Amino acid sequence: MVSRLPDTHRGGNRNSLSTPDVAVVGAGPIGLAIAWRCAARGLRVVVHDPDPGSGAVHAAAGMLAPVAEAYFGEHELTGLLTESAARWPAFAAELAAASGTDVGYRSEGTLMVGLTTDDLAVARRLWAYQQGLGLPVTPLRPSELRDREPALSPRMRGGAYAGTDHQVDPRRLVSALRTATERAGGVLVPTPVQRLTEVTAGTTVVAAGCGSAALTGLPVRPVKGQVLRLRAPGAPGFQHVIRGFADGEQVYLVPRPDGEVVVGATSEERTDTMVTSGAVLRLLRAATDLVPEVAEYELVEAVAGLRPGSPDNAPILGPLPGRPAVLAATGHHRHGVVLTPVTADLIADLITTGTPDPLLAAFTPERLGPGLSHPSATADPACGSAVPRPTPLEESWN
């Protein structure tokens, strides 16, 4: 397990040329939040990434959804989502104070809806499961949905309200975390890391998204997601996050005060980042079925990103087997933004105290079995910028 850092390393001269206490590989929200937490505790921190925020977070919608994202058979993950979501209000306030940046945290809640009778039947099965876990799900009749959001289609068959499912702007989040990290004394190094042997630090944290596989040998795979960004002529005509089923198609709409609406997302076991016309068609059709007025919004961006998925879709957190000075903070799949506060706290606590929080027990690399000590020699070029692009020969091998 990680050894507790000696007192001489904490609170020392941050301008020292000595070995840093912590090196973080990857400057998405997970990596930057860990770096910020460590630097704020007086540790000497470096973050390796030539293009912070260029990975999966660039396409993320920023939903903080412990209820709507609670799926069958993921009990431990649901508990971690709930814990992290509860930390978000204080985390957002602290980060805003440290960075001077509003991260777009909004707490209106989420409406979960079903367009057709069949859609509603599928949704109700999931809501019943979520209620069985004790999660706050309030069923709503069509008239009650329209009372909350008149912009919803009158065809809606029913829905539910998840008041604890909030949202944040992921791109603002990355900017704020970068500023807070640098203000706390952290140093960003704009170079990719090809092998962990290139990194010298007391503890190395690998938070390189799906690029973590090439560095650690962890079974982290890319899961493609295509997302659209629309712009209303003024403020969007709805305030809640809308998540729903529309003729069997799942879709979400996330409104921002500045007029932006994020619509997503596909989930594809693919490694490319090409935006396809079919995905745009399906997402827009489902979105306009739920909220008809978005058909009049401007389409300003279509983007695809690669989520870092693990075999059980849960994050991989903690020391690599046989390598106690190398910590994983990856595999967050579709939950990277909501899990940012709890991941940062758990990893920073582990680094500074050497004692793992009980919350880590279900998410350690050991659960994935042997064979984690032989990382691949290549990295997918779309998996984030903390790892290098492969050569043409390596690309054909992938």
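Q: Where is Gln130 found?
A: Gln130 sits in helix α3, residues 117-132 (helices are DSSP runs of H or I with at least four residues, strands are E runs of at least two, both numbered from the N terminus). This is a predicted model, where local features need pLDDT of at least 70, side-chain atom pairs count only at pLDDT 80 or more, and totals for chains, interfaces and linings use all residues. Residues are numbered from 1 along each chain as its sequence is written, and side-chain values use heavy atoms, with hydrogens and water left out.

Q: Is Gln130 buried or exposed?
A: Buried means under 20% relative accessible area, exposed over 50%, and partly exposed in between, using a 1.4 Å probe and protein chains only. Gln130 has 0% relative accessibility, so Gln130 is buried.

Q: What does the side chain of Gln130 reach?
A: Look for the backbone oxygen of Val67, 2.9 Å away from that side chain. Contact means heavy atoms within 4.5 Å. Setting aside neighbours within four places in sequence, Gln130 is in contact with Val67, Ala68, Ala70, Met112, Leu135 and Val137.

Q: Which helix does Arg183 lie in?
A: Arg183 is in α5, residues 170-183. With a relative accessible area of 57%, Arg183 is exposed. Along the chain, Arg183 and Ala98 are 85 residues apart, yet their C-alpha atoms are separated by 7.8 Å. Not counting residues up to four places away, Arg183 touches Ala98, Ser99 and Gly100.

Q: At what angle do α1 and α2 pack?
A: Helix α1 (residues 29-40) and helix α2 (residues 75-99) pack at about 70°, with axes 13 Å apart. Angles under 35 degrees count as roughly parallel, over 145 as roughly antiparallel, 65 to 115 as roughly perpendicular and the rest as oblique. So α1 and α2 are roughly perpendicular. Ala33, Trp36 and Arg37 of α1 meet Phe91, Glu94, Leu95 and Ala98 of α2.

Q: What pLDDT does the protein chain average?
A: pLDDT is the predictor's confidence in each residue, from 0 to 100. The chain averages 90, and 88% of the residues score at least 70. Over residues 376-382, pLDDT stays under 50, and residues 387-398 also stay under 50. Where pLDDT is low, predicted coordinates should not be read in detail.

Notes: Axes are lines fitted to C-alpha atoms, for helices over the stretch in contact, and angles run from 0 to 180 degrees between N-to-C directions. A polar contact is a pair of N or O atoms within 3.5 Å; within protein, one must be able to donate a hydrogen and the other to accept it, and residues adjacent in sequence count only if both atoms are side-chain atoms.
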